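Please open the structure in your viewer and keep the selection panel at hand. The tour below moves from one selection to the next.

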Amino acid sequence: MNDRDELLAIARQVKEHVAWLERGNVAGVPRGVGRVHRAPDGPSPSAQGRGNANVTANADASGLIAIREDLGDCTRCKLSGGRKNIVFGVGNPAAALAFVGEAPGADEDASGEPFVGAAGQLLTKMIQAMGLQREDVYICNIIKCRPPGNRNPEPDEIAACEPFLKRQLASIKPKIIVCLGKFAAQCLLRSDAPISRLRGTFQSYEGIALMPTFHPAYLLRNPSAKREVWSDLQVVMAELDKLGVARNSG
Ligand code: SF4
């Protein structure tokens with residue numbers, strides 16, 4: 001990425017934040033307050049959120065912009081050689097709900113935005129079915145450059161890139177992360193358990209409640225698994241409601 005592309009990426013982050021503010025913070029953030037602080041660990045986001053609801057009224061994108069600037073035209077791992085664009089992440093910088101996938105694919109590499117291909121369109125529908133819009137949530141991946149042939153990211157690539165994801169999530173402070181797919185779930189949870197066992201109940205990542213579920217790309221190949229994903233998302237929606245996160249449930 002050259003300087004111009006980097007500036008454009010930063011400008012896109014600012015534009016998204018302004019659009020989010022202009023929408024009046026109606027959905028995707030708690031009613032009445034900007035954020036709810038949580039205890040550092042524990043699987044129940046509602047239990048974490050209750051009783052301690054002061055904090056910042058409006059989040060701001062400056063934390064994410066600083067992280068993007070630190071990332072720069074990153075060459076920290078070998079994936080830099082084959083990418084067209086760094087896929088940093090997109091969405092509400094104060095999102096109560098974040099989605100984390102594995103890695104960019106060809107469409108994402110070409111556009112610089114996560115989840116824009118067929119799987120991304122399905123993810124958008126899932127978000128809308130939850131009574132939210134794409135702009136209400138934050139969407140990103142464990143690594144930010146496309147692995148060749150869409151292979152799984154390798155340990156050295158994860159080690160180089162995950163610190164930036166951690167910083168992004170620390171800045172956004174989502175109440176819940178939905179982790180998309182086996183690889184992302186196993187990576188974030190440092191687990192070898194199959195996604196069929198991990199999904200459906202809240203886990204904890206860096207003190208944030210994390211719900212593993214199937215990747216939208218898997219759903220495109222196995223539509224019958226949509227039932228399980230919807231069940232997982234219903235658990236997430238129930239917790240968002242307990243936390244007072246506004247969404248259109250009509
Ligand atoms: S995958 Fe991450 S660490 Fe590797 S080059 Fe891309 S941005 Fe840098």
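Which residue in S3 is the bridge partner of Gly 101? The bridge partner of Gly 101 in S3 is Asn 141.

Before the next selection, two notes apply. This is a predicted model, in which local features need pLDDT of at least 70 and side-chain atom pairs count only at pLDDT 80 or more, while totals for chains, interfaces and linings use all residues. Residues are numbered from 1 along each chain as its sequence is written.

**The sheet.** Select residues 97-101 and 138-141, which are strands S2 and S3; the two run parallel and are joined by 4 bridges. Strands (E, at least two residues) and helices (H or I, at least four) are DSSP runs, numbered from the N terminus. Now display the whole open sheet: its 6 strands follow the order S1-S3-S2-S4-S6-S5, with mixed pairing. Strands S1 (90-91) and S5 (203-205) stand at the edges with a single partner strand each, so one side of each has no neighbour in the sheet. Two strands pair if DSSP finds at least two bridges between them.

**Helix H3.** Select residues 62-71, where Leu 64, Ile 67, Arg 68 and Leu 71 are the buried residues of helix H3. A residue is buried if 20 or more other C-beta atoms lie within 10 Å of its own, and exposed if 12 or fewer do, with C-beta atoms placed from the backbone. Look down the axis of H3: the buried residues fall within an arc of 100 degrees, so they line one face of the helix. The arc is that of the directions from the helix axis to the C-beta atoms. On the other side of H3, Glu 69 and Asp 70 are exposed. Just after H3, select Gly 72, which takes a positive phi of about 55 degrees.

**The ligand.** Select the ligand and the 14 residues around it; Cys 74, Cys 77, Ser 80, Cys 145 and Cys 161 come nearest. A residue belongs here if its C-beta atom, placed from the backbone, lies within 6 Å of the molecule. H6 supplies the largest share of this shell, 3 residues.

**The core.** Finally, select Leu 97, Ala 98, Val 100, Val 137, Ile 176, Val 178 and Cys 179, which touch the most other members of the largest nonpolar core, a set of 62 residues. Helix H6 (residues 155-172) gives the most to this core, with 6 residues. A nonpolar core is a set of buried Ala, Val, Leu, Ile, Met, Phe, Trp, Tyr and Cys residues joined through C-beta atoms within 7 Å.
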